[in-house]
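Visitor: I have a structure to look at and some questions about it. Could you show it to me?

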Amino acid sequence: MAGVSVCVTGAGGYIASWLVKLLLSRGYNLHGTVRDLSDTKTSHLKRLQNAAENLRLFKADLLDYDTMAAAIAGCQGVFHLQMLAPAVTGTTNVLKAASAAKVQRVVVVSSMVAVEINPKGWPEGKVRDENCWSDTEFCRKIKSWYPVAKVISEKAALEYGRQTGLDVVTLNPGLVFGPLLQPTVNASSQFLIYLLKGGPDGVRDKLWHIVDVRDVADALLLIYESPEASGRHICAPHVISVRDLLDLLKSKYPDYTCLTKDAIYNMDHPAPMTSDKLKKLGWSCRTLEETIEDTVQFCRGARFLEDVDGAPPCRFPPLFNMI
Ligand SMILES: NC(=O)c1ccc[n+]([C@@H]2O[C@H](COP(=O)([O-])OP(=O)(O)OC[C@H]3O[C@@H](n4cnc5c(N)ncnc54)[C@H](OP(=O)(O)O)[C@@H]3O)[C@@H](O)[C@H]2O)c1
């Protein structure tokens, strides 16, 4: 889309970096928001193909409306990929700035955790689709705060679209693995590193729905560019339990210590989800094996799997204790 300007919030993040790469390769002009313009946080973005001509970085905080409005002004589309803390206020600021700039479509990244945690309000055994919302009362009761934030901000975004006429679509990715573009390790990559290296924390067994970061970037662009896309889109194709994922890793990578099965404790498995709505728009994805192989190869090369003398033991990412 040569010449079309779009804004990506949190441009230096794991999923956002791949989306920025994809959009630049398709000729978009990009406004990327980052909280810190220092070289270490953004240098990987500046090195991407076409970045010199078509990527403009804005120092902006989601909680500061004026900085977001400045980044979104002049854009036809917005991709919103913020994390936990500023969930609702941050989303509202982006949507208001998008309305003020008269953008054509806003793509909000939600999560599978806004879909799957509903043990009572969904028919038992029925595959979960976009009509299923996680039950925030239940999540609060079990102190599962990340899904609460994702449900509230996704609902607020869709409701804002209904009330104002702004075209808002959402994507609900599963657990995202795949190579990293940015120099720091994000929470979902830490999940896989923890399973391979082992560590002192326990991990709940659970059915995870895994998706490749490169396929998430494709899905975000697809729902931005497809006029028929509307509402929510589950993007969570590969279903596997933590136990089976650990078995897969142990058989493929016997050199790594891997978490022991004693450290996995049981919990109920929610019913699977379907990504059919997205596939009907033309989305396809890599196999789980390819994603795991590419992630492990990348982590080896980046030396994320090495034990460093004197470093504290590998920990399970705290974010996942909130799911
Ligand atoms: N990774 C997964 O497995 C997964 C699965 C499902 C859904 N998601 C969703 O996908 C989105 C991106 O996730 P990710 O894994 O790519 O996360 P990530 O690498 O941690 O990136 C999060 C981004 O949000 C930015 N951010 C946080 N607070 C901000 C604020 N107040 N103002 C401006 N920017 C702020 C961060 O910027 P700084 O660099 O300045 O901190 C960072 O660029 C999130 O909405 C997440 O909930 C992720």
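Visitor: How many bridges join strand β5 to strand β6?

Guide: This is a predicted model, where local features need pLDDT of at least 70, side-chain atom pairs count only at pLDDT 80 or more, and totals for chains, interfaces and linings use all residues. Residues are numbered from 1 along each chain as its sequence is written, and side-chain values use heavy atoms, with hydrogens and water left out. Strands are DSSP runs of E with at least two residues, helices are runs of H or I with at least four, and both are numbered from the N terminus. Strands β5 (residues 105–109) and β6 (residues 168–173) run parallel, and the bridges joining them number four.

Visitor: Which residue in β6 is the bridge partner of V108?

Guide: Strands of a sheet pair through backbone hydrogen bonds, either parallel or antiparallel. Here, two strands count as paired if DSSP finds at least two bridges between them. In β6, the partner of V108 is T170.

Visitor: Which strands stand at the edges of the seven-stranded sheet?

Guide: This open sheet has the order β3-β2-β1-β4-β5-β6-β10, with parallel pairing. An edge strand has a single partner, so one side is left without a neighbour in the sheet. The edge strands are β3 (55–59) and β10 (234–235).

Visitor: What angle does the direction of α7 make with that of β6?

Guide: Helix α7 packs on this sheet and touches β5 and β6; contact means heavy atoms within 4.5 Å. Axes are lines fitted to C-alpha atoms, for helices over the stretch in contact, and angles run from 0 to 180 degrees between N-to-C directions. The angle is about 155°.

Visitor: Which residue in β11 is the bridge partner of W208?

Guide: Look at the open sheet in the order β7-β9-β11, where the pairing is mixed. Strand β9 (residues 207–212) pairs with β11 in the antiparallel sense, over four bridges. In β11, the partner of W208 is I240.

Visitor: Which strands does helix α10 touch?

Guide: Helix α10 (residues 242–252) packs on the sheet. Its direction makes about 90° with that of β11. The strands touched by α10 are β7, β9 and β11.

Visitor: How far is an oxygen atom of the ligand from an N or O atom in the side chain of Y146?

Guide: A polar contact is a pair of N or O atoms within 3.5 Å. A backbone N or O atom of Y14 lies 2.8 Å from a ligand oxygen. For the side chain of Y146, the distance is 2.6 Å.

Visitor: What percentage of the ligand's exposed area does the protein bury?

Guide: Accessible areas come from the Shrake-Rupley method with a 1.4 Å probe. Taken alone, the ligand exposes 900 Å². The protein buries 86%.

Terms used: A polar contact is a pair of N or O atoms within 3.5 Å; within protein, one must be able to donate a hydrogen and the other to accept it, and residues adjacent in sequence count only if both atoms are side-chain atoms.
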